[in-house]
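Please keep the sequence and the structure open while you read.

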Amino acid sequence: MSDFLTSFATRFAALNKDNLELLGELYSDDVLFRDPLHEVHGLTAVRRYFAELYANVEALRFEFHGYDQVAEGEGYLRWTMRYRHPRLRGGAEIAVEGCSHLLWRDRVYRHRDYFDAGALLYEHLPVLGSVIAWLKRRLA
């Protein structure tokens, strides 16, 4: 298990809306952060992205359960994100499995998240959620 990945995961899991200044300890100034819904360039933009993320949910936490370093300065984290949003699933907790591919030197300069965007958001929207559920049943 990578010491860097373990440390990164522990510090990332401790983030909340009140301590986002700590992102500068995790990411380089020129970081590129990507997930299935966003692409964000630079530490300032990443701070803004996380501020909006935390402002729009009632609860958000990450549980890390896999740490795989594949090369010097490159690795993957496997995680479960749990969140509650007042307009999704009646405010009930939603859990989404995913993984992050990280490239780092002293701090992360590339962060790419992989997860099912439908499981994160679309399946929980009132009209679209029922359409996606129907499609999944038809394709199964």
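With which side chain does the side chain of S100 make a polar contact? The partner is the side chain of D113, at 2.4 Å. A polar contact here is a pair of N or O atoms within 3.5 Å; within protein, one must be able to donate a hydrogen and the other to accept it, and residues adjacent in sequence count only if both atoms are side-chain atoms.

## About the model

This is a predicted model, in which local features need pLDDT of at least 70 and side-chain atom pairs count only at pLDDT 80 or more, while totals for chains, interfaces and linings use all residues. Residues are numbered from 1 along each chain as its sequence is written, and side-chain values use heavy atoms, with hydrogens and water left out.

## Overall layout

The protein has five helices and six strands, arranged along the sequence as α-α-β-β-α-β-β-β-β-α-α. Helices (H or I, at least four residues) and strands (E, at least two) are DSSP runs, numbered from the N terminus.

Of the 140 residues, 43% count as buried. Buried means under 20% relative accessible area, exposed over 50%, and partly exposed in between (1.4 Å probe, protein chains only). Among contacts with a separation of 6 or more, 47% join residues 24 or more positions apart; contact means heavy atoms within 4.5 Å.

## The nonpolar core

The largest nonpolar core holds 33 residues, and F8, F12, L23, Y27, V46, F50 and L77 touch the most other members. Such a core is a set of buried Ala, Val, Leu, Ile, Met, Phe, Trp, Tyr and Cys residues joined through side-chain atoms within 4.5 Å. Several elements supply at least two residues each, including α1 (3-13), β1 (27-34) and β6 (108-115). The largest share, six residues, comes from α3.

Take F8 as a way in: leaving out residues up to four places away in sequence, F8 touches L26, Y27, L77, L102, V108 and H111.

S100 is found in strand β5 and counts as buried because its relative accessibility is 4%. Beyond its neighbours within four places in sequence, S100 is in contact with G75, Y76, L77, W79, H111, R112 and D113.

H101 also lies in strand β5, and it counts as buried because its relative accessibility is 16%. The side chain of H101 makes a polar contact of 2.8 Å with the side chain of E74. Not counting residues up to four places away, H101 touches E74, G75, Y76, R110, H111, R112 and Y114.

## The cavity

How many cavities of 30 Å³ or more are there? The count comes to one, and the largest cavity has a volume of about 40 Å³. On a 1 Å grid over the protein atoms alone, a cavity is a set of points where a 1.4 Å probe fits but cannot get out, and lining residues have an atom within 4 Å of a point. Grid points are joined across faces, edges and corners, and a volume is the space filled by probe spheres set on the points.

The lining of the largest cavity consists of F8, F12, F62, F64, W79, S100, H111 and D113.

## A loop residue

N16 sits in the loop between α1 and α2 and counts as partly exposed, because its relative accessibility is 32%. A polar atom of the N16 side chain lies 2.7 Å from the backbone nitrogen of D18. N16 and A55 are 39 residues apart in sequence and 9.8 Å apart in space, C-alpha to C-alpha.

Terms used:
1 Å grid on protein atoms, 1.4 Å probe; cavity = no way out; pocket = protein on both sides within 12 Å on 5 of 7 lines; lining within 4 Å.
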